[in-house]
Amino acid sequence: MYQETPDSFIQSIPAPLPTSDCKKSHFRASFTLFASARKLSLSQFHTDSLSDCRIHKEKPVEKRTSTTQIIEVQKTLLDALLEQSKFRSRAMKTRLGCLSQKSDSYSDFSTFLPNKLEKPIRCMKLSTEEVVQWTESFSILLANKCGLAAFRAFLRSEYSEENIEFWLACEDYKKTKSPTKLASKAKKIYSEFIDVQASKEVNLDFQTRELTRKGLLEPAHTCFNDAQKRIYSLMERDSYPRFLRSKIYLDVLNQTQSNSQTQRRFS
């Protein structure tokens with residue numbers, strides 16, 4: 001398949017001429033080596049080239065090995081990230097479950113904790129008749145110590161506890177007799193519940209807000225009356241019906257019924 005290099009091709013190449021006598025021996029040796037090149041067959045040259053290629057083809061093996069290692073490292077990192085994501089997802093579900101159970105139900109209604117700074121409200125002697133009376137009117141619910149605590153716990157679960165806190169602050173404000181304390185309490189109530197930048201701002205219209213602000217120039221027992229009535233109406237119309245359908249109220253009712261049945265058995 002392969003042929004030797006033609007002599008005519010070798011002979012057609014002009015031989016270099018020596019430029020000096022001192023280079024004759026070197027020229028003669030170079031010419032002899034050049035002339036012997038025609039005996040080199042293309043088949044032999046191809047065979048040598050193949051052997052060289054085999055040597056070079058062995059090098060990609062190392063590259064494949066290093067690439068495999070990189071893929072394994074990437075896979076390990078991906079598995080770790082997926083495992084971390086699953087762990088965070090499970091933790092978030094557990095946390096949300098605990099929050100929903102904490103906000104919408106009580107395991108023991110004998111004690112209500114309205115606030116960390118306030119004393120717990122004991123409802124050990126709460127009867128079923130009292131709990132049923134809470135459904136008659138909103139005023140009856142707020143007049144009952146345990147009913148108020150239960151309603152406040154419900155508002156806390158809806159993140160609207162500021163409404164009942166504002167109403168209670170206004171009730172306490174009306175009972176203040178000292179003019180000095182009256183002015184300081186009025187300023188505190190306004191900055192905490194009515195001011196636009198208040199930390200517990202209640203939902204009031206602009207007119208009521210401005211009327212209350214002007215009333216603070218000469219604090220009186222009636223300066224919060226309009227704002228208190230609006231928040232009371234808001235709770236009565238919106239929050240109170242939802243409270244009567246909530247799990248908090250139903251759990252209180254069921255527990256009082258269960259307690260009364262237990263007392264009858266031992267009586």
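Helices here (H or I, at least four residues) and strands (E, at least two) are DSSP runs, numbered from the N terminus. Keep in mind that this is a predicted model, in which local features need pLDDT of at least 70, side-chain atom pairs count only at pLDDT 80 or more, and totals for chains, interfaces and linings use all residues. Residues are numbered from 1 along each chain as its sequence is written, and side-chain values use heavy atoms, with hydrogens and water left out.

Let's start at Ala150, which sits in helix α7 (residues 145-157). Ala150 is buried because its relative accessible area is 0%; buried means under 20%, exposed over 50%, and partly exposed in between (1.4 Å probe, protein chains only). Follow the chain for 93 residues and you reach Phe243, whose C-alpha atom is separated from that of Ala150 by 9.0 Å.

In soluble globular proteins, nonpolar side chains tend to be buried together. Take Phe151 as an example: beyond its neighbours within four places in sequence, Phe151 is in contact (heavy atoms within 4.5 Å) with Phe138, Leu141, Leu142, Ile164, Met235, Ser239, Tyr240 and Phe243.

Now look at the rings. Rings of Phe, Tyr and Trp (its six-membered ring) pair if their centres lie within 6.5 Å; planes under 30 degrees apart count as stacked, over 60 as edge-to-face and the rest as tilted. By this rule there are 11 aromatic pairs. One of these pairs, Phe138 with Tyr232, is tilted, at 5.1 Å centre to centre and 55 degrees between the planes. This pair links distant parts of the chain, with Phe138 in helix α6 (residues 138-143) and Tyr232 in helix α11, 94 residues apart. Phe138 counts as buried because its relative accessibility is 1%, whereas Tyr232, at 22%, counts as partly exposed. Ring pairs join both into a cluster whose members include Trp134, Phe151, Phe154 and Trp167.

Helix α11 has another partner to visit. The axes of α10 (residues 206-215) and α11 (residues 225-245) come within 8 Å and cross at roughly 145 degrees; axes are lines fitted to C-alpha atoms, for helices over the stretch in contact, and angles run from 0 to 180 degrees between N-to-C directions. Here Thr208, Leu211 and Thr212 of α10 meet Asp226, Ala227 and Arg230 of α11. Thr212 counts as buried because its relative accessibility is 2%.

Finally, the structure holds 13 salt bridges, each a side-chain nitrogen of Lys or Arg within 4 Å of a carboxyl oxygen of Asp or Glu. In one of them, Arg242 joins Glu158, with the closest N and O atoms 2.6 Å apart. Arg242 lies in helix α11 and Glu158 in the loop between α7 and α8, 84 residues apart. Arg213 and Glu210 form another, at 2.8 Å from N to O; being three residues apart in helix α10, Arg213 and Glu210 are separated by about one helical turn. Salt bridges also link Arg152, Arg156, Glu161, Glu165, Glu192 and Lys200 in a network.
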